[in-house]
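Got your viewer open and ready? Let's take a short walk, one selection at a time.

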Amino acid sequence: MTERIVVVGAALLDGGRLLAARRSAPPELAGRWELPGGKVEPGETPEAALVRELREELGVEAEAVRRVPGEWPLRAPYVLRVWTARLRAGSPEPKALQDHDELRWLTAGTLWSVQWLEQDVPAVREVARMCDTGTGADAGAGD
Ligand SMILES: Nc1nc2c([nH]c(=O)n2[C@H]2C[C@H](O)[C@@H](COP(=O)(O)OP(=O)(O)OP(=O)(O)O)O2)c(=O)[nH]1
């Protein structure tokens, strides 16, 4: 039986822009862009993992907003699941503290200007689709 380990990716949205992060390691992934995040630890919810990973990697206080439908295979046994997320009031701005060497806020017009990891492309496409239909993270105002 193969056990799947979930990697949570954060589609961090702010003012209609999506944060992309360029990996600095390992060598086979370095230079390619991804959604920040990481492995969900045993006993941890994906939403809690997202908050923890964004704190470690970017130094921000964030919250998961909504699951992006779908699940994308990574190198076994990992699978990628994505949540939209937003910065909490008063959070510091994201900084590339760990695992990344550059961050970029992308708009609808620049979404495909970075070289996403191939396995992230369908996930990013789904995020874009959700945002287009107004069901992305920015739709959560007032809760
Ligand atoms: N965070 C993240 N990882 C991704 C994405 N796409 C993708 O293939 N991966 C891969 C890269 C890694 O092999 C794995 C996640 O590892 P990671 O290094 O980000 O996670 P982590 O912080 O928990 O890792 P670790 O150092 O504790 O082992 O999933 C993505 O969009 N976001």
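Start by selecting Gly-15: in the hairpin of S1 and S2, this glycine takes a positive phi near 55°. Two residues sit between the strands of that hairpin. Keep in mind that you're looking at a predicted model.

Now colour the two strands. S1 covers residues 5–14 and S2 covers residues 17–23; they run antiparallel, joined by two bridges. Want to see who faces whom? Select Asp-14, and you'll find Arg-17 of S2 opposite.

Stay with S2 and look for its other partners. Strand S7 (residues 100–106) runs antiparallel to S2, with six bridges between them. Click Ala-21 to find Leu-103 of S7 standing opposite. Next, select strand S3 (residues 33–34), which pairs with S2 in the antiparallel sense over two bridges. Which residue of S3 is the bridge partner of Arg-22? That's Trp-33.

Time to head for the largest nonpolar core, a set of 33 residues. Ala-10, Ala-11, Leu-50, Trp-83, Ala-85 and Val-127 have the most contacts inside this core. S1 gives the largest share, six residues. As a rule, nonpolar side chains in soluble globular proteins tend to be buried together.

Last stop: select Ala-10. Leaving aside neighbours within four places in sequence, Ala-10 is in contact with Leu-35, Pro-36, Gly-37, Leu-50, Leu-54, Ala-62, Trp-83 and Ala-85.

How values were computed
Residues are numbered from 1 along each chain as its sequence is written. This is a predicted model: local features need pLDDT of at least 70, side-chain atom pairs count only at pLDDT 80 or more; totals for chains, interfaces and linings use all residues. Two strands pair if DSSP finds at least two bridges between them. Helices (H or I, at least four residues) and strands (E, at least two) are DSSP runs, numbered from the N terminus. A nonpolar core is a set of buried Ala, Val, Leu, Ile, Met, Phe, Trp, Tyr and Cys residues joined through C-beta atoms within 7 Å. A residue is buried if 20 or more other C-beta atoms lie within 10 Å of its own, exposed if 12 or fewer, and partly exposed in between; C-beta atoms are placed from the backbone. Two residues are in contact if their C-beta atoms, placed from the backbone, lie within 7 Å.
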